[in-house]
Amino acid sequence: MGRFMITQKWKKFERLVAKVQQDLSPQAIVTANDKIEGKITGTKRQIDVSIRQRVGQYEMLIAIECKDLSVPVDVKDVEGAIGLFQDIGANNGVIVSASGFTATAKTRGENARLALYRLV
């Protein structure tokens, strides 16, 4: 029962992030729990929230990783997200955290041009 409740909590967090993004960009296609084939790995990769929108003749992809953790996101999680975003060819990468980020994670994310947000 306890594990089920934890699963429901992070799913709700992801759905909330997706809803906020859809509200901010009603013309975009926002997908929670998307599967996108990696350009490097050639395998389907799970993305918490994807946002797709055409800009002129280009299709833009924004990938969002959601971290509903009780502690700040650390640099290892940020580096994992960087690899994921590169693999799927995301134009922009975002990490949304429930508990913020460590100083090292912020530095690494900002240097990789990721957007880091805390959703309370």
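**Figure 1. Leu-69 in the loop between S3 and H2.** At a relative accessibility of 33%, Leu-69 counts as partly exposed. The structure shown here and in the following views is a predicted model. Leu-69 is placed in the loop that runs between S3 and H2. Its C-alpha atom is separated by 6.3 Å from that of Ser-99, although Leu-69 and Ser-99 are 30 residues apart along the chain. Residues up to four places away in sequence being left out, Leu-69 touches Asp-77, Ala-98 and Ser-99.

**Figure 2. Packing of helix H2 against helix H3.** Two packed helices are described by the angle between their axes and the distance between the axes. For helix H2 (residues 75-88) and helix H3 (residues 103-111), the angle is about 20° and the axes are 8 Å apart. Angles under 35 degrees count as roughly parallel, and H2 and H3 are therefore roughly parallel to each other. The crossing of the pair H2 and H3 is right-handed. On the H2 side, Val-75, Val-78, Glu-79 and Ile-82 take part in the contact, and they meet Thr-104, Ala-105, Arg-108 and Gly-109 of H3. Sorted by class, the residues in this contact of H2 with H3 are 4 nonpolar, 2 polar and 2 charged.

**Figure 3. Ala-103 in helix H3.** Ala-103 belongs to helix H3. With a relative accessible area of 60%, Ala-103 is exposed, since the exposed class begins over 50%. Ala-103 and Pro-72 are 31 residues apart in sequence, and their C-alpha atoms are 9.4 Å apart in space.

**Figure 4. The largest nonpolar core.** In soluble globular proteins, nonpolar side chains tend to be buried together. The largest nonpolar core of this model has 16 residues. Those that touch the most other members are Ile-47, Val-78, Phe-85, Ile-88, Ile-95, Phe-101 and Leu-114. Strand S3 (58-67) and H2 each supply at least two residues of this core. The largest share comes from H2, which provides 6 residues. A second, separate core consists of 12 residues, among them Ala-18, Ala-28, Val-49 and Val-96.

**Figure 5. Surroundings of Ile-95.** Ile-95 is one of the residues that touch the most other members of the largest nonpolar core.

**Figure 6. Phe-101 in the loop between S4 and H3.** Phe-101 is found in the loop that links strand S4 (92-97) with H3. The relative accessible area of Phe-101 is 11%, and Phe-101 is therefore buried, the limit for this class being under 20%. Phe-101 and Val-73 lie 28 residues apart in sequence, yet their C-alpha atoms are 4.5 Å apart in space. Neighbours within four places in sequence set aside, Phe-101 is in contact with Pro-72, Val-73, Ile-95, Lys-106, Leu-116 and Tyr-117.

**Figure 7. Ile-62 in strand S3.** Ile-62 has its place in strand S3. Ile-62 is partly exposed, its relative accessible area being 27%. Between Ile-62 and Ile-51 the separation is 11 residues in sequence and 5.0 Å in space, C-alpha to C-alpha. Beyond residues up to four places away in sequence, Ile-62 touches Val-49, Ser-50, Ile-51, Asn-92 and Val-94.

Figure 8. Most residues other than glycine have a negative phi. Asn-33 is not a glycine, but its phi is positive, at about 55°. Asn-33 lies in strand S1 (residues 29-37) and is partly exposed, with a relative accessible area of 43%. Arg-113, likewise not a glycine, has a positive phi of about 65°. The position of Arg-113 is in the loop between H3 and strand S5 (115-118). Arg-113 is exposed, with a relative accessible area of 74%.

Definitions and conventions:
Residues numbered from 1 in each chain as written. Predicted model: local features only at pLDDT ≥ 70, side-chain atom pairs only at ≥ 80, totals over all residues. Heavy atoms only, no water. Axes fitted to C-alpha atoms, helices over the stretch in contact; angles between N-to-C directions. Helix = DSSP H or I, 4+ residues; strand = E, 2+ residues; numbered from the N terminus. Parallel < 35°, antiparallel > 145°, perpendicular 65-115°, else oblique. Left-handed = near helix turned anticlockwise from the far one by under 90°. Contact = heavy atoms within 4.5 Å. Nonpolar A, V, L, I, M, F, W, Y, C, P; charged D, E, K, R; others polar. Core = buried A, V, L, I, M, F, W, Y, C linked by side-chain atoms within 4.5 Å. Buried < 20%, exposed > 50% of the residue type's maximum accessible area, 1.4 Å probe, protein only.
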